[in-house]
Amino acid sequence: MPQLSVVVPTFNEAGNIAELRNRVAAALPGIDWEMIYVDDDSPDGTAATVRELAQGDSRVRCIQRIGRRGLSSACIEGMLASSAPVVAVIDADLQHDEKLLPAMFDALRGDDLDVVVGSRYTQGGSMDGWDRTRVATSRFATRLSRLVLKADLQDTMSGFFMIRRAAVERCVRAGMSGVGFKILLDLFATSPEPLRCRELPYEFRNRFSGESKLDTMVAWEFFIMLLDHYLGRVVPIRFIAFSLVGLLGLGVHLAVLAVLFRGIGASFLIAQTAATLVAMTFNFAVNNVLTYRDMQLRGWKLLSGWLSFSLACSVGALANVGIATYLFDQRAYWLLSAIAGVLVGAVWNYAVTAVYTWKKPKSG
Ligand code: GDD
Ligand code: MN
């Protein structure tokens, strides 16, 4: 019976799988542990590597998610797949110090803590190997994130922690957002009762093999997650993202229109048509990478996605104009008529594309 499940989210980490298991095994003598690797169908064959390892070590398991991406949601799934009373989350790349695991486990043994966080900021912790901008960004995000936290935590951005499984379950039921990569922040912000926590310092190491997946998009995901915690229960967060992208699209539309119509003297009809096409394509592309990052369409699906998106938005535009003109004819103020039309169009576009363009995969 495992007392401790070590959950490892992976994306293209084939070169780290066995080394991590070896180090975890060496760090945890006397504790019954298991390891659950949660892989999002990495192209480098990480899942196959884990299964191969699992064939020789029954303490190792693989959850392979196909058609989904996301660090937080992978961690949640791994933790929920555990039968152990205590679960840990650790990166696959050996940047987190597995030698901290026994101390974390000991700290949780008493009754007075729900979670122990491996922290890079408390005295003794370090962030060697990070460049200055990353350190600065991370510090800024940490400060911002303390605003949503119900606990006094130094390293809110840590991806290394140990927690009681029951506490995780409560958080998931209370509606964690599961978006993005800030799983710890998500747990703390969602927990119905404040999580009792302690931080233990450790030295953040350099990556063993492979490269980092957390690109610049994580800033956007972080922003969306914070918004979700404030507004998510009132307005679907994807709708907000979708509308923000729509606003950008309006800017693109006007820019193209200006260049074609005023700049090179095309007819208004041609200029307006071209601007609409460009803006629609822009909106589709940006929504695909930002709003629906976790269900991003790729390859040939981009084409059918773009078609259904354009079709939905064309109908949305008709509805927009129809409603606005109707209200205007009913003597509503012109600006209000226009805004009402835009809102109806936006809700329509959002609702229809959420169902037909970015279909939820059947497995999720
Ligand atoms: N399943 C899955 N799906 N795993 C993922 C995904 C994903 O979409 N994206 C990243 N991972 C895995 C990686 O394979 C790795 O094991 C771990 O998540 C962390 O990813 P890295 O790419 O190594 O992130 P990092 O080193 O830049 O970021 C670390 O530091 C941050 C501190 O700001 C991580 O520990 C973060 O959790 C932490 O917040
Ligand atoms: Mn890393």
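How many bridges join strand E5 (residues 115-119) to E7, and do the two run parallel or antiparallel? Five bridges do the joining, and the strands run parallel. Keep in mind while you look around that this is a predicted model.

**The sheet and its helices**

One of those bridges pairs Val117 with Glu199 in E7. Zoom out and you'll find an open sheet of seven strands with mixed pairing, in the order E3-E2-E1-E4-E6-E5-E7. Strand E3 (60-64) and strand E7 (197-201) sit at the edges, so each pairs on one side only. On average, neighbouring strands of this sheet are turned by 20 degrees against each other, direction ignored. In general, strands of a sheet pair through backbone hydrogen bonds, either parallel or antiparallel.

| Helix | Strands it lies across | Angle |
|---|---|---|
| H2 (residues 46-56) | E1 (4-10), E2 (33-39) and E3 | about 155 degrees to E3 |
| H7 (residues 183-190) | E5, E6 (161-164) and E7 | about 35 degrees to E6 |

Asp93 counts as buried because its relative accessibility is 3%. Gln95 is buried too, with a relative accessible area of 14%, and the cut-off for that label is under 20%.

The protein chain splits into domain 1 (4-211) and domain 2 (237-356). Taken over C-alpha atoms, the centres of domain 1 and domain 2 are 40 Å apart.

Now for helix H9, which covers residues 237-263. Does its span agree or disagree with what its 27 residues should give? At 1.5 Å a residue, H9 should span 39 Å, and its end C-alpha atoms are 38 Å apart, so the two agree. The buried residues of H9 include Ile237, Phe239, Ile240, Phe242, Val245, His253 and Leu257. As background, an α-helix has 3.6 residues a turn, so residues three or four places apart point the same way.

Gly246 also belongs to H9. Because its relative accessibility is 27%, Gly246 counts as partly exposed. Gly246 and Ala346 are 100 residues apart in sequence, yet their C-alpha atoms are 8.1 Å apart in space. Following H9 comes Gly265, with a positive phi near 70 degrees.

Key
Residues numbered from 1 in each chain as written. Chains lettered and ligands numbered in written order. Predicted model: local features only at pLDDT ≥ 70, side-chain atom pairs only at ≥ 80, totals over all residues. Heavy atoms only, no water. Buried < 20%, exposed > 50% of the residue type's maximum accessible area, 1.4 Å probe, protein only. Pairing = 2+ DSSP bridges. Helix = DSSP H or I, 4+ residues; strand = E, 2+ residues; numbered from the N terminus. Axes fitted to C-alpha atoms, helices over the stretch in contact; angles between N-to-C directions. Contact = heavy atoms within 4.5 Å. Domains from an automatic or database assignment. Expected span 1.5 Å × (residues − 1).
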